[in-house]
Amino acid sequence: MNQSQKRILFRSENIKILMQEGLSDEKSIRSNMIESKSSFNLLFLLSSNINLTAEDCRTQFLFKKNQYILHYSQEESMAELWTENQDILKYLQIQINYDYIFNLINPRSNKENEDILESMVKNNYIFLHKQTPPYMTVEMHMILKEIISYSKKGVMQRLFVEAKIIKLLILIFEQFNEKNTIAETPKTPSMIKKFVDENYYKNIKVEEIGKLIGLNQNKIRKEFKAYYHMTVSDYIAELRMLKAKKLIINKDIMIKEIAIECGYEYVQNFTRAFKKKFGVSPEKLRIG
């Protein structure tokens, strides 16, 4: 008996977002994915060993966890996705009308935009490296998590979803342009560093990063330290202190505000870390 659930997270005139998550106690679990006529479909594979066959393609694909494709469907078509050996089947499909993307990119404005739309229509973004689908980045994981957990409805949800989809497309275009060599797995240390660089002021933990990119936290710690010769926690602390040193010279900003800006919930913890780093308390450095 299949315990499968497909739910619509969002639907508007131009965009539809579907979430599939299910577990089978039989040999396999199967799900049909429909692509509308003249639509772009972002498919994010969120569980391991997902098989896919499509009506317009006789080849069977096997996806690993955290891979994705961006596919343009000229006519309405259907694909079947399934897993075997009672594995979980989990994926997120974002379907976007062609006209919406056309107006968003505006290919008539310049040659670069025209080339981007042409690449999308020709399905150049399906496989960045021959037959190897691309892997989701940390930022993509964050965006999907935000889309899935967003609770507001109406115009606020529409604006939120559209903004997140634009960000996803930007990340895909950037990834496509950056990758020039075949790579089956993302570079873990650089992925973690990029995530920390953008989120060091938040209350982030290695466990959370591990869940986002689908890697064991011990592997993250080990590979990051081997590459950068410091722990993830030490790197976060280093970034926070560098920012604190820049802010401390501005006497119009309270010490408490600087602590919060640098990711410290309590001023005492901030003061202790600052003094350990620079050998003097933030108050004394400001006076001096």
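Here are a few friendly notes on strand pairing, helix packing and aromatic rings in this predicted model.

1. Ground rules. Residues are numbered from 1 along each chain as its sequence is written, and side-chain values use heavy atoms, leaving out hydrogens and water. Because the model is predicted, local features need pLDDT of at least 70 and side-chain atom pairs count only at pLDDT 80 or more, while totals for chains, interfaces and linings use all residues.

2. Strands β4 and β9. Strand β4 (residues 39–45) pairs with β9 in the antiparallel sense over seven bridges; strands are DSSP runs of E of at least two residues, helices runs of H or I of at least four, both numbered from the N terminus, and pairing requires at least two DSSP bridges. Ser 39 has Asn 97 of β9 as its bridge partner. Seven of the ten residues of β9 (residues 88–97) are buried (under 20% relative accessible area; exposed is over 50%, partly exposed in between, with a 1.4 Å probe and protein chains only).

3. Helices α5 and α7. The axes of α5 (residues 188–199) and α7 (residues 217–228) lie 9 Å apart at an angle of about 90°, which makes the two helices roughly perpendicular (65 to 115 degrees). Axes here are lines fitted to C-alpha atoms over the stretch in contact, with angles from 0 to 180 degrees between N-to-C directions. Thr 188, Pro 189, Ser 190, Ile 192 and Lys 193 of α5 meet Ile 220, Glu 223, Phe 224, Tyr 227 and Tyr 228 of α7, contact being heavy atoms within 4.5 Å.

4. Helices α8 and α10. You will find another angle of about 90° between α8 (residues 232–248) and α10 (residues 267–278), with axes 10 Å apart. Glu 238, Met 241, Ala 244 and Lys 245 in α8 touch Phe 270, Ala 273, Phe 274, Lys 277 and Phe 278 in α10.

5. The structure holds 14 aromatic pairs (ring centres of Phe, Tyr or the six-membered ring of Trp within 6.5 Å; planes under 30 degrees apart are stacked, over 60 edge-to-face, the rest tilted). One of them is tilted: Phe 224 and Tyr 228, with centres 4.8 Å apart and planes at 45°. Both sit in α7, four residues apart, about one turn of the helix. Phe 224 is buried at 1% relative accessibility, whereas Tyr 228 is partly exposed at 24%. Phe 274 and Phe 278 also form a tilted pair, at 4.7 Å and 55°. Phe 274 is buried at 0%, and Phe 278 is partly exposed at 25%.

6. A ring cluster. Finally, do look at Phe 40, Tyr 72, Tyr 98 and Phe 102, which ring pairs link into a cluster.

Definitions and conventions. Angles under 35 degrees count as roughly parallel, over 145 as roughly antiparallel, 65 to 115 as roughly perpendicular and the rest as oblique.
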